[in-house]
Amino acid sequence: MGTRLIYTTVGAATPEAAFDRQARAFGAGLNSILRGLRVGVVGCGGTGSATAMLLARLGVGQIALFDEDIVEVTNLNRLHGARRADADAMQPKVEVVAREISELGLGVRARAYQRWVEDPSVRDALKACDVIFGCTDDHGGRLFLNRFAHFYLVPVIDMGLAIEPSPEGGLRDMSARVTVLTPGAPCLMCRGVVDARAAGEEALRRNAPAEYERQKREAYVRGSDNPAPAVVTFTTETASMAVNELLQGLVDYRGEARWAWQRIRRLDRGEERRQGAKQRPDCPICVDTHYWGRADVEPFLDRIG
């Protein structure tokens with residue numbers, strides 16, 4: 001279930017030849033709407049870099065990139081645009097993705113913010129976005145965007161990829177998820193996508209690493225040093241699902257007159273379904289309308305700490 005997006009902002013003329021085939025599919029009007037959009041991409045790893053490049057090739061006018069991390073060798077198998085020289089030079093991920101967008105020559109403006117999404121210095125940039133793509137794999141960032149979507153009425157398209165090997169060999173699960181966060185839809189807390197305790201542990205690790213390691217040794221936190229599996233074809237497919245959900249909201253190419261609040265695609269089985277969820281009666285974010293559209297309050301997003 002869902003609704004459609006309506007954007008009337010029209011951007012400057014797009015390079016006609018570059019987007020001619022796209023106009024033949026959806027009409028020239030979509031190109032103008034995309035050129036007028038300001039889109040945020042939070043997280044510029046495997047899914048985020050792919051999302052940003054897809055948005056740029058669609059002709060989105062302005063893209064704001066948020067990520068505090070640098071390129072590492074282990075990123076090179078899935079971070080679009082990254083090169084070995086970027087890892088050797090410890091280049092910020094946002095700068096690498098912004099560079100690749102600029103070099104496309106499509107007139108897309110990319111702004112890089114090497115900051116954690118909760119950093120106060122990027123609040124104005126987030127508020128200026130028409131749509132935000134959540135491409136972070138941490139609970140804290142997702143909880144933040146979950147609240148932000150409701151306080152500022154900015155739709156957030158959150159995505160995730162789960163690849164779970166089986167102890168017996170093969171894969172137990174390989175699922176891509178795309179969730180739309182907007183007032184009226186079940187939020188990430190109600191869906192069980194995010195864990196408040198895990199978010200607290202992430203904050204402790206970021207702000208007080210020594211204390212985090214102490215609590216980890218004493219089993220007060222559930223830290224793990226094992227990286228999650230990642231394959232570029234599947235991170236890119238997840239990004240494509242998310243960007244296509246934006247197109248669905250703009251032009252209804254599926255003929256459903258709406259976008260889905262959540263889609264799950266079993267990549268190992270070739271199956272996709274729209275997944276429903278019940279809102280928790282006591283949820284202060286997606287059930288209680290008190291915070292919807294509140295925008296600027298102190299403390300920010302009414303969060304303490």
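Biologist: Where is the place of Pro-299?

Modeller: Pro-299 belongs to the segment after S8. Helices (H or I, at least four residues) and strands (E, at least two) are DSSP runs, numbered from the N terminus. The peptide bond that leads from Glu-298 into Pro-299 is cis, its omega being near -5°.

Biologist: On what basis are such features reported?

Modeller: The model is predicted, and local features need pLDDT of at least 70, side-chain atom pairs count only at pLDDT 80 or more, and totals for chains, interfaces and linings use all residues. Residues are numbered from 1 along each chain as its sequence is written, and side-chain values use heavy atoms, with hydrogens and water left out.

Biologist: How many helices and strands does the secondary structure of the protein chain come to, and how many of its residues count as buried?

Modeller: The protein chain has 11 helices and 8 strands. Of its 305 residues, 47% count as buried, where buried means under 20% relative accessible area, exposed over 50% and partly exposed in between (1.4 Å probe, protein chains only). Contact means heavy atoms within 4.5 Å; among contacts in the protein chain between residues at least 6 apart in sequence, 65% join residues at least 24 apart.

Biologist: In what order do the strands of the open sheet stand?

Modeller: Two strands pair if DSSP finds at least two bridges between them. Here the 8 strands follow the order S3-S2-S1-S4-S5-S6-S7-S8, and the pairing is mixed. Strand S3 (109–113) and strand S8 (271–274) form the edges, each pairing on one side only. From one strand to the next, the twist averages 15°.

Biologist: How many bridges join strand S4 to strand S5?

Modeller: S4 (residues 131–134) and S5 (residues 156–165) run parallel and are joined by 3 bridges. Gly-134 stands opposite Asp-158 in S5.

Biologist: Which strands does H11 lie across?

Modeller: H11 lies across S4, S5, strand S6 (171–181), strand S7 (262–266) and S8, and runs at about 155° to S5. For such angles, axes are lines fitted to C-alpha atoms, for helices over the stretch in contact, and angles run from 0 to 180 degrees between N-to-C directions.

Biologist: How does one describe helices that pack on each other?

Modeller: Two packed helices are described by the angle between their axes and the distance between the axes. For helix H3 (residues 46–58) and helix H11 (residues 232–251), the axes come within 8 Å and cross at roughly 45°. H3 and H11 are therefore oblique to each other; angles under 35 degrees count as roughly parallel, over 145 as roughly antiparallel, 65 to 115 as roughly perpendicular and the rest as oblique.

Biologist: Is the crossing in which H3 passes H11 left-handed or right-handed?

Modeller: H3 passes H11 in a right-handed crossing. A crossing is right-handed if the near helix is turned clockwise from the far one by less than a right angle, and left-handed if anticlockwise. Residues making the contact include Ala-50, Leu-54 and Leu-58 of H3, and Ala-239, Val-243 and Leu-247 of H11. The contact divides into 8 nonpolar, 7 polar and no charged residues. Ala, Val, Leu, Ile, Met, Phe, Trp, Tyr, Cys and Pro count as nonpolar, Asp, Glu, Lys and Arg as charged, and the others, Gly among them, as polar.

Biologist: At roughly what angle do the axes of H2 and H11 cross?

Modeller: The axes of helix H2 (residues 28–36) and H11 cross at roughly 120° and come within 11 Å. These two helices, H2 and H11, are therefore also oblique to each other, and H2 passes H11 in a right-handed crossing. Leu-30, Ile-33 and Leu-34 in H2 meet Leu-247, Leu-250 and Val-251 in H11. By class, this contact has 6 nonpolar, no polar and no charged residues.

Biologist: Is Glu-245 buried or exposed?

Modeller: Glu-245, which is found in helix H11, is buried, with a relative accessible area of 1%. Neighbours within four places in sequence aside, Glu-245 is in contact with Val-178, Val-180, Arg-254, Trp-259, Ala-260 and Arg-263.

Biologist: What is the phi of Asp-252?

Modeller: Phi of Asp-252 is near 55°, a positive value in a residue other than glycine. Asp-252 lies in the loop between H11 and S7 and counts as buried at 17% relative accessibility. Leu-153, in the loop between H7 and S5, likewise has a positive phi, near 55°.
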